[in-house]
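Hello,

Here is the structure I promised to pass on to you. Have a look at it first, and then read on for what turned up.

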Amino acid sequence: MSAVLDKAPLTAHTEGQRQPWAAVVQLARFEARKLLLCAPVLGTFALYVVWIVWRMPSTGNGFPALQDVDRATQTGPMLPALAVMLCANQAVLRSRRQDTDRHFGVLVLEPWRRTVAHVLSVVPVVALTALLVAAQFTWAVLEPGSVGSGSVNELLVGPLTVLLAGAVGVLLARLVRSPFAAPMLLVLAFFSTLFLGAVASGGEGSATRWLVPVVDGSSSTSLPSDLLGRPAAWHALYLLGLALTVALAAVLVNGGRTKTVAALLVVAIGLGTWGAVGQAGKVPKATITAREVATVTPEKVQSCERHGRATYCAYPEWMPRATTWANVTDHVQSLAGGTASREHLLVRQRVDARYGMDGDGAIQPSPVPYQVTVGTGWGGPRVPEFAAAVSAVLVLRTEKAAEQLCDGRMVTIMWLALNWQSDPLAELSKVRLDDSITGSALVLSPTDPMSMTAEQTTVVRELFKAGGTSVAPKVKAHWAELTTPKVTTARVAELLGVKAPAGADKCS
């Protein structure tokens with residue numbers, strides 16, 4: 001009987017040694033559940049969800065470009081990433097805090113395998129991040145006004161950032177046994193962000209700007225997806241290689257000095273280095289040439305459609321918006337008089353893409369008669385801005401003529417642009433640089449802004465109060481004089497039947 005008792009423990013011990021990876025998986029599942037339920041992780045993910053719900057309805061004013069949305073998914077996961085780093089670090093140090101380290105010697109798992117389990121416990125949090133990133137991007141895709149195409153490589157940045165943060169937390173716990181190391185690292189990371197942001201602000205092709213997880217350009221203008229020139233695939237490879245390197249280093253320093261771990265570490269370092277070198281390369285010459293063509297001679301790369309009395313030419317990704325632009329153009333042109341109401345317009349989309357994502361180049365007004373510029377943005381203030389551009393061309397014949405405009409024709413332009421809207425005064429505030437409806441201001445348009453005096457603003461407000469039914473026939477009847485150069489604001493007010501303001505036209 002004693003022989004049987006001696007044999008049973010040996011059998012159990014042998015079977016335990018034969019299945020170490022099963023134990024690793026079980027420990028990883030346990031730690032993953034603890035990590036997901038960690039208060040900082042739960043709190044930051046809750047804030048992340050709230051941030052998505054709050055941000056998405058206003059993305060692109062309801063008309064998002066998907067090549068911008070994919071980059072917008074990268075900043076949200078940074079806060080959960082810091083929480084994951086803290087909680088993963090504290091999970092590894094739990095046994096030290098609870099004084100159970102000395103009991104691990106009787107377990108079947110070597111210390112380095114427990115480190116592997118802690119690294120694997122981060123994977124479900126990464127998957128949750130990927131799910132939220134996908135939800136945010138899908139929200140934008142389902143918007144009726146969305147255009148363009150996103151990049152899977154850009155979408156991977158958020159989850160890979162969380163993976164890297166979790167690996168850093170595990171490595172830090174194996175290097176520094178103090179529970180205060182991770183909080184101190186968080187503080188250091190916060191302050192170093194300012195420095196790293198300055199390092200990452202170099203121009204395209206900079207060897208340092210892509211070393212941080214999230215790199216966004218300074219441009220607020222949406223560009224065609226083939227002109228972005230971002231090394232998104234290289235950057236995703238760099239982050240993956242860096243995360244794997246940190247994770248395997250944590251295993252190595254905790255006793256996992258096996259040939260397999262060493263080989264994997266070499267591969268991870270190679271991947272990270274390969275990605276770092278690739279992402280530091282210059283923008284391809286083909287992309288630079290394509291940017292120049294799209295900026296200087298957009299007609300070579302654009303598609304065109306005819307809607308009503310106007311032709312709309314745009315970069316292929318934006319052609320679905322032609323109908324939306326036509327709705328604005330038709331409303332504005334229907335209020336015009338004379339031959340302008342029947343004039344054939346060419347609405348051409350224009351953007352300065354020569355600087356890529358590193359700057360907003362100004363679009364010069366077109367000197368071509370009856371050509372109107374439309375940008376790549378839409379919704380919100382972009383609608384009255386485009387309407388102002390259409391009405392300016394109907395009154396002045398060219399966008400270029402608006403540069404020196406300083407007379408009563410500005411009243412006609414603004415009335416045409418906004419009177420068809422349900423709330424013209426609200427739209428007036430949107431289109432003015434200072435969001436005002438009184439005094440002088442600059443009126444924004446897709447190209448250079450126009451100047452509007454205080455007297456002109458007063459007349460426009462009075463015309464809105466009078467209502468379109470009474471003003472519209474007068475605009476058509478007096479169209480020739482309303483569009484005559486040097487016509488005064490007072491004369492325009494008199495022709496349209498509202499009180500003439502005191503003071504002469506004087507543009508600042």
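A residue is called buried under 20% relative accessible area, exposed over 50%, and partly exposed in between (1.4 Å probe, protein chains only). By that scale cysteine 313 is buried at 2% relative accessibility, whereas cysteine 304 is partly exposed, with a relative accessible area of 46%.

Before the rest, some background. This is a predicted model, where local features need pLDDT of at least 70 and side-chain atom pairs count only at pLDDT 80 or more, while totals for chains, interfaces and linings use all residues. Residues are numbered from 1 along each chain as its sequence is written, and side-chain values use heavy atoms, leaving out hydrogens and water.

Now the disulfides (pairs of cysteine sulfur atoms within 2.5 Å): the count comes to 2. Cysteine 304 is joined to cysteine 313, S to S 2.0 Å, and this link is right-handed, with 110° about the S-S bond. The other joins cysteine 38 to cysteine 87, S to S 2.1 Å; its link is left-handed, at -65°. Cysteine 38 lies in the loop between helices H2 (20-36) and H3 (39-55) and cysteine 87 in helix H5 (residues 78-92), so the pair ties together parts 49 residues apart in sequence. Helices (H or I, at least four residues) and strands (E, at least two) are DSSP runs, numbered from the N terminus.

Finally, strand S3 (residues 345-349) has 4 of its 5 residues buried. Strands pair if DSSP finds at least two bridges between them. S3 pairs in the parallel sense with S2 (residues 310-314) over 4 bridges, and 4 bridges also join S3 to the parallel strand S4 (residues 371-374).

Happy exploring!
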